[in-house]
Amino acid sequence: MAHATVYVGFTLPQLLRSASRIFPTHSALVVLRHSAFCYCTVNSTIKSKRKMDHLERTANNFRQEVISQAKVCGITNESETVKRLRLAVANKDFAFKAGQWVDFFIPGVPVVGGFSICSSPGLLEREGVLELAVKHTVHPPAYWIHTECTLDSEVALRVGADLHGYQEGKGNGYKMGTVKLYYSAKNTSELLFKKNILGLMNAFPGKITCRFHVTQQRSWICNELQPHVTEGRISEKDLEKHVSKDTLWYICGPPPMIESISKLLANIGVPSNCVFFEKWW
């Protein structure tokens, strides 16, 4: 059965890291071929009096036993608040699957970070590197990346849980559905990977569409983005048109946003077992 998928979020590494499930060297063209990934935690209320750190939060998730050394070989500003970190991994046996994260160990920093991998396994196979997209926060590992990390800084990595998806054309009855992405940020400069997303829309016309929402836009929006941008938050009116028994909903963002969108979906009649998100923060 083909499914329709609606992806609602503030950040995109989770979307783009699904690369190379079918064609590892063409990640941008296959990232959204699978519309029924059960990689998110089923919708539930987030309740915590004390904010758990990354290792506590993911303690029940599978991890590889090996911790591999890595060296920073590239640092790029994706936006004013997000850095893309390129890491050369020394261990030739180091591997990951699309959708995994890494535990991020920094010498001298007692707190272990957890960051989603935003590059494809194919890049690691070809060049021995992987990439992370890290937003600036006061959390020690992220803060270190934004304030102290330099080229040739040495860290260590351990791969976390992987995703298991279905592939079209493997005899399991899966057919490619459609994907509608709602992506919200403060302004267009904070819309990470927007060129990749526009490329996917062009590669899969009618199958993949995106609506960018900006809440504090102060500058002119370029001609390429203008047709796809809405000023204001994602609303009930935006989402209710996609409600159907075959639609799955994936939410990515900080806890207040996840809770808000989850309640909105419940209000428009979406069953809780059709709503998925990562308990990441």
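Modeller: Let's start with a word we'll need all the time: a residue counts as buried when its relative accessible area is under 20%, and as exposed when it is over 50%. Keep in mind that we're looking at a predicted model.

Biologist: Okay, let me try that on one residue. Is phenylalanine 193 buried or exposed?

Modeller: Its relative accessible area is 5%, which is under 20%, so phenylalanine 193 is buried. You'll find phenylalanine 193 in the loop between β9 and α6.

Biologist: And what is the phi of phenylalanine 193?

Modeller: Here's the general idea: most residues other than glycine have a negative phi. Phenylalanine 193 isn't a glycine, yet its phi is positive, about 60°. Aspartate 152 also has a positive phi without being a glycine, this time about 80°. Aspartate 152 sits in the loop between α5 and β8. With a relative accessibility of 53%, aspartate 152 counts as exposed.

Biologist: Back to that loop between β9 and α6. Which residues does threonine 188 touch?

Modeller: Threonine 188 is in that loop too, and it is buried at 11% relative accessible area. If you skip residues up to four places away in sequence, threonine 188 touches Lys194, Val214, Gln217, Ile221 and Leu225.

Biologist: Let's follow one of those. Where does valine 214 lie?

Modeller: Valine 214 belongs to strand β10, residues 208-214. With a relative accessible area of 1%, valine 214 is buried. Leaving out neighbours within four places in sequence, its contacts include Ala185, Thr188, Leu191, Val229 and Thr230.

Biologist: Now helices. How do I read which way a helix faces?

Modeller: In α6, residues 194-203, the buried ones are Ile197, Leu198, Leu200 and Met201. Viewed down the axis of α6, they fall within an arc of 155°, so they line one face. Lys195 and Asn202 are exposed on the other side of α6.

Biologist: And which residues of α8 are buried?

Modeller: Met257, Ile258, Ile261, Ser262, Leu264 and Leu265. Down the axis of α8, these buried residues stay within an arc of 160°, so they also line one face of the helix. The face turned away from that side carries Pro256, Lys263 and Asn267, which are exposed.

Biologist: What about rings? How many aromatic pairs does the structure hold?

Modeller: Four. Take phenylalanine 104 and tryptophan 144: their ring centres are 6.4 Å apart and their planes meet at 55°, so that pair is tilted. Phenylalanine 104 is in strand β5 (residues 101-106) and tryptophan 144 is in helix α5 (residues 140-147), so the pair ties together parts 40 residues apart in sequence. Both phenylalanine 104 and tryptophan 144 are buried. Tyrosine 250 and phenylalanine 276 make a stacked pair, with 5.4 Å centre to centre and 25° between the planes. That pair links distant parts of the chain, from tyrosine 250 in β12 to phenylalanine 276 in β13, 26 residues apart.

Biologist: Which residues join into a ring cluster?

Modeller: Ring pairs link Phe104, Phe115 and Trp144. There's a charge to spot elsewhere, too: lysine 180 lies over the face of tyrosine 182, at 5.4 Å from the ring centre.

Biologist: Last one. Which residues of the largest nonpolar core touch the most other members?

Modeller: That core has 24 residues, and the ones touching the most others are Leu87, Phe94, Phe104, Leu130, Leu132 and Leu157. Elements giving two or more residues to this core include β3, β4, β5 and α5. Apart from it lies another core, of 22 residues, with Val82, Cys118, Phe212 and Ile221 among them. Zoom in on leucine 157: beyond its neighbours within four places in sequence, its contacts include Val66, Leu87, Phe94, Phe104 and Leu130.

Conventions
Residues are numbered from 1 along each chain as its sequence is written. This is a predicted model: local features need pLDDT of at least 70, side-chain atom pairs count only at pLDDT 80 or more; totals for chains, interfaces and linings use all residues. Side-chain values use heavy atoms; hydrogens and water are left out. Buried means under 20% relative accessible area, exposed over 50%, partly exposed in between (1.4 Å probe, protein chains only). Helices (H or I, at least four residues) and strands (E, at least two) are DSSP runs, numbered from the N terminus. The arc is that of the directions from the helix axis to the C-beta atoms. Rings of Phe, Tyr and Trp (its six-membered ring) pair if their centres lie within 6.5 Å; planes under 30 degrees apart count as stacked, over 60 as edge-to-face and the rest as tilted. A charge sits over a ring if NZ of Lys or CZ of Arg is within 6 Å of the ring centre and within 35 degrees of the ring normal. Contact means heavy atoms within 4.5 Å. A nonpolar core is a set of buried Ala, Val, Leu, Ile, Met, Phe, Trp, Tyr and Cys residues joined through side-chain atoms within 4.5 Å.
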